[in-house]
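Please examine the sequence and the structure shown below.

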Amino acid sequence: MGKLFKIGVALGGGGARGLAHLGVLCALERKRIPIDLMAGTSMGAIVGGVYALNPRCDIAIERFRRYLESKEFQKTNAEFLHEHDYELKPTLEGIFHRFATFIKRGYFYSQSLTKKAPISEEDFAQNINFLLEPVVIEKTRIPLSVTAVDLKSGKEVVLRKGSLRKAVSASSAIPGILPPITIGDWHLVDGGMIDRVPVRPVREMGADLVIAVDVAEDLDSNEKEFDTGFDIVLRTHDICQHALSELQMKEADVVLKPDVSGIHWSDFSHLDECLQAGERAVKEKLDEIRSRIRRKKLKKILCLPFGCLSSP
């Protein structure tokens, strides 16, 4: 018999900033707040996949530590994405914004014209294989969904069956940097393009309460001059991404926003800092989380005999 009340966690994209998800999961684990369901996008899918397979914080952190020191990770050379870009403080984790900025600066222009991605599918697969076991998603100890976007239809694809490694690879395939992943008729790329934090997918899995973890920066006021059409396109894209994300996040019961604003999305050298940020985010909202769990659990129990007239 399934649990009467289920708590779901939605982990958003954000590249290296998504390491803060580990801190969130650790804090929830220590505070004995159960995680019954998980959904992840991009880096959230990677962290979610590792934790859902073996839901122990110490094991997950150790696996990421070993990965970040591995030859597989070094081979992808993530530094080439951020070593020239510290002065360009990003305002959103919009993947297109990031890559468009790189193209504008001329770093990857020639490569983007001659091949799909500077990181090969083989090298990418080696990274995912280091972190994840060769199992199907259905075998994770915590039920998991990962999201991606189909390039053909332009629609979100929620993956709940099949190879865990391939699903996570698809969800984290940053356009222009990592190659699309083919699953059946789909050509899949990073799910964060249209669903930065997968609240709806985890709700559809049956979560009664959803804790969303957003590691992207808020859209702040931009006082720079928009001298070119390209500047205007980038800014309007960020505005659209922010508006869509704000609308989607309203479906969550609790939103956690670890403060990782000082970390570049491709700089993976700040694991401990990210862990601490995730733990602080839970600590700051722990009373709210527990209060919402109590209220929603009580309401569900009271609704069982007769049904509820309205949603919680």
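In helix α3, the buried residues (under 20% relative accessible area, with a 1.4 Å probe and protein chains only) are Cys-57, Ala-60, Ile-61, Arg-63, Phe-64, Tyr-67 and Leu-68. They lie on the same side of α3, because they cover an arc of only 160 degrees around the axis, taken from the directions from the helix axis to the C-beta atoms. The model is predicted: local features need pLDDT of at least 70 and side-chain atom pairs count only at pLDDT 80 or more, while totals for chains, interfaces and linings use all residues. Residues are numbered from 1 along each chain as its sequence is written, and side-chain values use heavy atoms, with hydrogens and water left out.

A nonpolar core is a set of buried Ala, Val, Leu, Ile, Met, Phe, Trp, Tyr and Cys residues joined through side-chain atoms within 4.5 Å. The largest has 72 residues, of which Leu-19, Leu-28, Met-38, Phe-64 and Leu-256 touch the most other members. Its largest share, nine residues, comes from helix α12 (residues 271-303). Another core, of 12 residues, lies apart from it and includes Ala-39, Val-202, Ala-207 and Ala-212.

| Residue | Contacts |
|---|---|
| Leu-19 | Met-43, Phe-64, Leu-68, Phe-268, Leu-271, Cys-274, Leu-275 |
| Asp-214 | Arg-196, Val-197, Met-249, Leu-256, Lys-257, Pro-258 |

Asp-214 lies in the loop between β7 (209-213) and α11 (229-249); helices (H or I, at least four residues) and strands (E, at least two) are DSSP runs, numbered from the N terminus. Asp-214 is buried, with a relative accessible area of 1%.

Note on methods. Buried means under 20% relative accessible area, exposed over 50%, partly exposed in between (1.4 Å probe, protein chains only). Contact means heavy atoms within 4.5 Å. Lists of a residue's contacts leave out its neighbours within four places in sequence.
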